[in-house]
Amino acid sequence: MVPDASDAARAHTGGAGVGPYATSRAWLDVDLGAIRRNVRRLHRAAGVPIVVMLKADGYGLGAVAVARTLEHAGDHVWAFGVATVQEAAELRAAGVTARLLCCTPLLRDEFEHAHRLGVRPALHRAEDIVAWSRFGAPWHLSIDTGMSRAGVRWDEVEMLHATVAAHPPEGVFTHFHTADDDATRDLQQERFDETVRALRAVLPHERRETLLVHCDNTAAIAARARLGRSSPGQLARPGIGVYGSVAADTLGLEQPVHLRARVIDIRTVQPGETVSYGGTWRASSTRRIATVSAGHGDGYRRGGSESRVAILHGACVPAVGLVTMDMTMLDVTDCACETGDTVTLLGQDGDTLLRTDSVAEGVGLSPYELLVGLRMRLPRLYHDAPSPGT
Ligand SMILES: *Cc1c(COP(=O)(O)O)cnc(C)c1O
């Protein structure tokens, strides 16, 4: 279910006032306007229509809400990308009618359901292609050019030529294992280009020109942008960039997600006393400690607790001691802080920004894992703030 933003939430412009859920201990503010603008920036850089990846519940931010805000965004969004039939079913149940591309191999016993949902599957085995062809529905050919995860190996595609000639795909794609590394990306690209050339030659004439070729994820779009190039082929498939990570500096992406939690207790600790499990943090002088209502049970991860900061009233304050399941402690000795105040653990408050990428790096995670982990226990509040500066 998508929590509906209240009027107060809609009026809320991304700062960390008292949360719109007065009863909520911690929540995610998700700025749908920022997501739409990120999609436009990715599209401008790619130079081709894009498949917005919505897998893993929209990278933890809520696939349905993201789909709804983008569904009528215009021609620059060609489709949404999912990883499972269940994800497609959730979008359809919410009334999303856009094209859905499933990039993960399906099992044969999922075909019927996938077809009923209007999913375009990624196929790569002759018997699967023949089985899918009885629906007469579009599908995409998945090529493994070095990721060694899914798809037909680039040097074995020839085995599929007869099948593909009889049942032509709508599209053909590959995926880069290190998209920001020019050398390995170029090698995979060469393999892919060669495969696509040979494939086109065996397709019926009328299908050669309409074939949709795609390969770029966020990091590939950004790497090419740095070289002054756009994406090859007819489509690109950004995911994490839509949610503000990986290519934020290169492409000027906005941070659309903000983790807020409220101060639920405050105490003074004496010199020599410790805070949290293991007693790993010890006060060197009299300190004022605020306890905020989010922890690793909310996906606010425990690693790297020593260097962690939060934002209180627009300024950074240090976190102290280990993050616990439900609570995290801050040293608020040097600032005004009262029970009930709202703290930002990820995202922006005032002029201070804690980007997903830097918070993730601080705890030894990829931004993907951090975002996807934020699904736990946190209600997501959707906002549609106007663009900064407009
Ligand atoms: C997840 C995924 C993407 C998006 O990758 P990002 O790094 O999030 O941009 C694109 N294509 C495929 C096949 C994927 O699995």
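**The ligand and its pocket**

A polar side-chain atom of R149 lies 3.5 Å from an oxygen atom of the ligand, which counts as a polar contact (a pair of N or O atoms within 3.5 Å). The model is a predicted one, in which local features need pLDDT of at least 70 and side-chain atom pairs count only at pLDDT 80 or more, while totals for chains, interfaces and linings use all residues. Residues are numbered from 1 along each chain as its sequence is written, and side-chain values use heavy atoms, with hydrogens and water left out.

Contacts of the ligand

- The side chain of Y59 has an N or O atom 2.6 Å from an oxygen atom of the ligand, and for the side chain of Y368 the distance from such an atom to a ligand oxygen is 2.6 Å.
- The protein buries 93% of the 390 Å² that the ligand exposes when taken alone (accessible areas by the Shrake-Rupley method with a 1.4 Å probe).
- Around the ligand there are 13 residues (each with a heavy atom within 4 Å of it), and K55, Y59, T218, I240 and Y368 come nearest.

The largest pocket

- The ligand sits in the largest pocket, meaning that more than half of its atoms lie within 2 Å of the pocket's grid points.
- A pocket here is an open set of points on a 1 Å grid over the protein atoms alone, where a 1.4 Å probe fits and protein lies on both sides within 12 Å along at least five of seven lines, and lining residues have an atom within 4 Å of a point.
- The largest pocket is lined by 30 residues, and M53, K55, C103, R149 and H175 lie nearest its centre.

Notes
A polar contact is a pair of N or O atoms within 3.5 Å; within protein, one must be able to donate a hydrogen and the other to accept it, and residues adjacent in sequence count only if both atoms are side-chain atoms.
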